[in-house]
Amino acid sequence: MATLQKIRSNKITQIAIGLGMLAFIAGSAVEIMKQSAPDTEVASLNGESLDYAQLNDMVDEYKEVLQLMGQLPQGEQVSNEVTAQIREQVYQRYLQLQLLNEECEKLGITVTDAELQNVIKSGNNPLLAQTPFSTQQGTFDYASLQQFLNQRNEALSNGQISAEQRESIDRIYRYWCFIEKEIRNGLLMEKYQVLLGNLLMTNPTSAKANFDNRKNETSIVMAALPYTTIEDQSIKVEESDLKAKFDEYKEIFYQSGETRDLKYIDVLIKASKADEEALSKEMDGYAEAMQKPDAVIENIVRQAQSAVPFFSVPVSRNALPRDVAAKIDSMAVGTQCEPYYNAGDNTMNIVKLMNKVTLPDSVEVRQLYAVNQDPAAAKKTADSICNALQAGANFDTIAKAYNQPGTKQWITSNMYEGQSMTEENKKFIEAATTSAVGAYKQIESDGAVVILQVTDRRKMIDKYEVAIIKRAVDFSNETATKAYNDLSQFVASNKTIEEMEKNAASASYIVLDRPSMESMTNALPGIEDSREIIRWAFKEDTKVGEISEIQYCGKSREHLVVAAVTGADKAGYLSLDNKAVKDYVNGLVLQDKKAAKLQEQMKNAKSIADVANMAGAVTDTVQHITFNAPVYLQKMGAASEPALSGAASLAAKGKFVSGIRGNAGVYAFQVIEKNQTQEKFDEKNEMAQQAQQNAYLVSNMFQSDMRNPISAFYKAFKNAKKEDKRHLFY
């Protein structure tokens, strides 16, 4: 099977899929999210229920996509943090596609099967070039796709394939289904985006105005009174002022889900002096064992539980930890360094240089596969092919006879160095990097025999076979127990968060603040695996003011965390009683009142000198001001001041203007020059630029988080009937 063979021959390279990959997974979910048991419902949107098992299936699908891309290691457990990130991405994409489908259904926007097939046949969609179905030039080959689909149907119908071959075919087919579904969703999104984009139109009049606003430049001499010249305490803020300003800015205080305010103590457990001495003694033992003539280095490294596994494949300096790379050039082959401490990653280390060789950084190879369920028959076929090639047969002709692509591929060091590899991979890399150009090498590989030929090699560099024992300087159980008991005693003596804050410093603790935390926040800042604390904070029976039990957090349970809920807000509009909201609104009111005072102070000024002589005034000369762009004033704290740009651009030469309210203060200015750039007006080009800017704005609308008011889906998401109960399950 040609396409299957091609996939197998690409196992060393990575598949780059690009953006938008979640649409397939989430799109599938949109179709199947019709039924779910109430007790396993993790979320719902406009009556569509998302079940716990279904969300997990979506996440597993996406993990497989990432593995095919090479962005997740195959055969290794994915960390809780990465899984949580994937789950959040899948969930948000599911919501977006759900809303997209609803909006498009209202508008009658659809993508037909014929439209989809036309795009696939044209081969112009960027996703198609990233599939296995491509020509030697890297372009999409529709005939290759059809050949694979036909071969798949034939293989499944006759049943004469092994379980392993069937899984390989199924993986390719699932990958193609992902691409196809993503193209369909992309076409639907594109139609909706074009519809909204047409609301932003350009015309010759607006193009000319935009050009003039950019071409005309103004220079001014400026005097400003910063808001900081007035003390906050001197301003009286009434409750009515806060209420009015809150109503004005109410929309920015909307939140789509519940939030909690948290205060917590984080204790990082560190190794004691006794712990360090115990590890040093252990490392001395490993160092001695590695120096014995009969030492099996790989076994010693494994026994030592090194953070850097032992690989017999030589690697370049870039693949080594920095501290090891710094030592390696000064070492002779066969020698090792004594255990040393590296502060950069808090580890004790032993390094033994096993070998140093010069190998190519890049090799170009091509391959043929002899496949047969009988290994002896596969070997016989491989020998026959090799004999023919060595006798002068054309490689491409034989590849075609065996229905294989036989294309050349470049393999670079960074494709495999630092990666977990099977023995089969090691054999492949060794053959590819050590074989002479033109030579043929047979490699037994996964139920087949690979016939490998190196066709080119470039950039010969030094590579090293190194045994590294890298061990973190970790704490003992006794040290952890003492840290726990000390914190437990502190909590027992301080039963409220107020008492904890008051007495924390004397006990060498710090109370940290995490306001407005969402229910699916994965971890507290800087503390891995702290999800349980967040789950506790969002339990229905957790009350404001309640203090948690002490929790072990972190990859190695190196953090002790105790937390208290200090505030809780439901989904919807936050109230003025929320401290963060009140502080923000109070700042806006203070600026309003300060601006009014400064404008009053400036109103009788007749010249720049009058303002410059006022207490706290800042003066400057500013050039090249245009209406199109806000001016940035370094002397005002790098403030962006669009109001000043607009006023200066409209004022006549010699004109004195005062009382302009800005973001950092109140401004007065006098225009000293009016100029025009040498740029010539080109109506067609100007309209094209405006259209490009409009397209950028629309693109941002679709790329922004749905909770952001600029998102194209913000209104639909805000008005949707939704419930998110994921925090009860994860």
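Two residues are in contact when they have heavy atoms within 4.5 Å. By this rule Glu64 touches Arg171 and Arg174, not counting residues up to four places away in sequence. The structure is a predicted model, in which local features need pLDDT of at least 70 and side-chain atom pairs count only at pLDDT 80 or more, while totals for chains, interfaces and linings use all residues. Residues are numbered from 1 along each chain as its sequence is written, and side-chain values use heavy atoms, with hydrogens and water left out. Helices (H or I, at least four residues) and strands (E, at least two) are DSSP runs, numbered from the N terminus.

**The four-stranded sheet**

- Four strands form an open sheet in the order β15-β3-β19-β18, with antiparallel pairing; two strands pair if DSSP finds at least two bridges between them.
- Each of β15 (618–625) and β18 (656–661) has a single partner strand, so these edge strands are left without a neighbour in the sheet on one side.
- On average, neighbouring strands of this sheet are turned by 30° against each other, direction ignored. Axes are lines fitted to C-alpha atoms, for helices over the stretch in contact, and angles run from 0 to 180 degrees between N-to-C directions.
- Strands β3 (residues 216–226) and β19 (residues 665–676) are joined in the antiparallel sense over 11 bridges, and Val221 has Gln670 in β19 as its bridge partner.
- Helix α8 (residues 204–215) packs on the sheet and touches β3 and β19, its direction making about 65° with that of β3.
- Helix α21 (residues 642–650) lies across β3, β15, β18 and β19, and runs at about 45° to β19.

**The three-stranded sheet**

- A further open sheet has three strands in the order β2-β1-β20, with antiparallel pairing.
- Strands β2 (48–51) and β20 are at the edges, where each pairs on one side only.
- From one strand to the next, the twist averages 25°.
- The antiparallel strands β1 and β20 are joined by three bridges; the bridge partner of Leu45 in β20 is Lys722.
- Helix α3 (residues 52–69) packs on this sheet, touching β1 and β2, and its direction makes about 70° with that of β2.

- Glu64 lies in helix α3 and is buried, with a relative accessible area of 18%. Buried means under 20% relative accessible area, exposed over 50%, and partly exposed in between (1.4 Å probe, protein chains only).
- Ile109 is placed in the loop between α4 and α5 (113–122), and is also buried, with a relative accessible area of 16%.
- Leaving aside neighbours within four places in sequence, the contacts of Ile109 are Cys104, Leu188, Lys191, Tyr192 and Leu195.
- Ile109 and Met189 are 80 residues apart in sequence, and their C-alpha atoms are 9.8 Å apart in space.

**The second largest pocket**

- The second largest pocket is lined by 50 residues, of which Ser519, Met520, Arg531, Arg726 and His727 lie nearest its centre.
- On a 1 Å grid over the protein atoms alone, a cavity is a set of points where a 1.4 Å probe fits but cannot get out; a pocket is an open set with protein on both sides within 12 Å along at least five of seven lines, and lining residues have an atom within 4 Å of a point.
- Among the elements that give two or more residues to this lining are β1 (41–45), α18 (531–537) and β13 (559–569), while α4 gives the most, with 10 residues.
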